[in-house]
Amino acid sequence: MGEYDLELNAATHLALQVGAVMERHYGNLSGQVEMKGRRDWCTKADTESDRLIQEGLRARFPDDDIVSEESDPLDRGKDRKWIIDPLDGTWAFTRGFPLDV
């Protein structure tokens with residue numbers, strides 16, 4: 001077993017769950033987009049995915065810090081931090097552009 005297999009397995013499991021959230025919201029964002037700033041969008045898919053990831057990481061790695069684009073960081077000065085951006089490409093997502101382009 002590799003040094004980071006536990007973390008990789010957790011991240012993979014959470015990524016698959018988040019993929020299902022994104023798929024459910026893709027093309028169905030009416031009323032679900034809010035502006036955080038000029039050219040900075042946040043969708044329900046972002047916040048729902050962020051919550052899912054953070055809950056999953058806290059359950060498995062309670063001593064790790066979490067820094068997320070969508071919520072206040074949990075930064076207690078720990079050596080290990082998870083950096084989260086649930087949906088990189090929100091602008092394209094809100095317009096229905098493929099995310100793999």
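H1 and H2 are roughly antiparallel to each other (an angle over 145 degrees counts as such), because they pack at about 160 degrees. This is a predicted model, in which local features need pLDDT of at least 70 and side-chain atom pairs pLDDT 80 or more, while totals for chains, interfaces and linings use all residues. Residues are numbered from 1 along each chain, and side-chain values use heavy atoms, without hydrogens and water.

The helices are DSSP runs of H or I with at least four residues, and strands are runs of E with at least two.

| Item | Value |
|---|---|
| Helix H1 | residues 5-25 |
| Helix H2 | residues 44-60 |
| Distance between the axes (lines fitted to C-alpha atoms over the stretch in contact) | 9 Å |

Among the residues in contact (heavy atoms within 4.5 Å) are Leu14 and Val18 in H1 and Leu52 and Ile53 in H2.

The largest pocket (an open set of points on a 1 Å grid, where a 1.4 Å probe fits, with protein on both sides within 12 Å along at least five of seven lines) has a volume of about 260 Å³. Its lining, meaning residues with an atom within 4 Å of a point, has 14 residues, with Leu14, Ala15, Val18, Ile53 and Pro86 nearest the centre. H1 gives the most to this lining, with six residues.

Technical notes: Axes are lines fitted to C-alpha atoms, for helices over the stretch in contact, and angles run from 0 to 180 degrees between N-to-C directions. Angles under 35 degrees count as roughly parallel, over 145 as roughly antiparallel, 65 to 115 as roughly perpendicular and the rest as oblique. Grid points are joined across faces, edges and corners, and a volume is the space filled by probe spheres set on the points.
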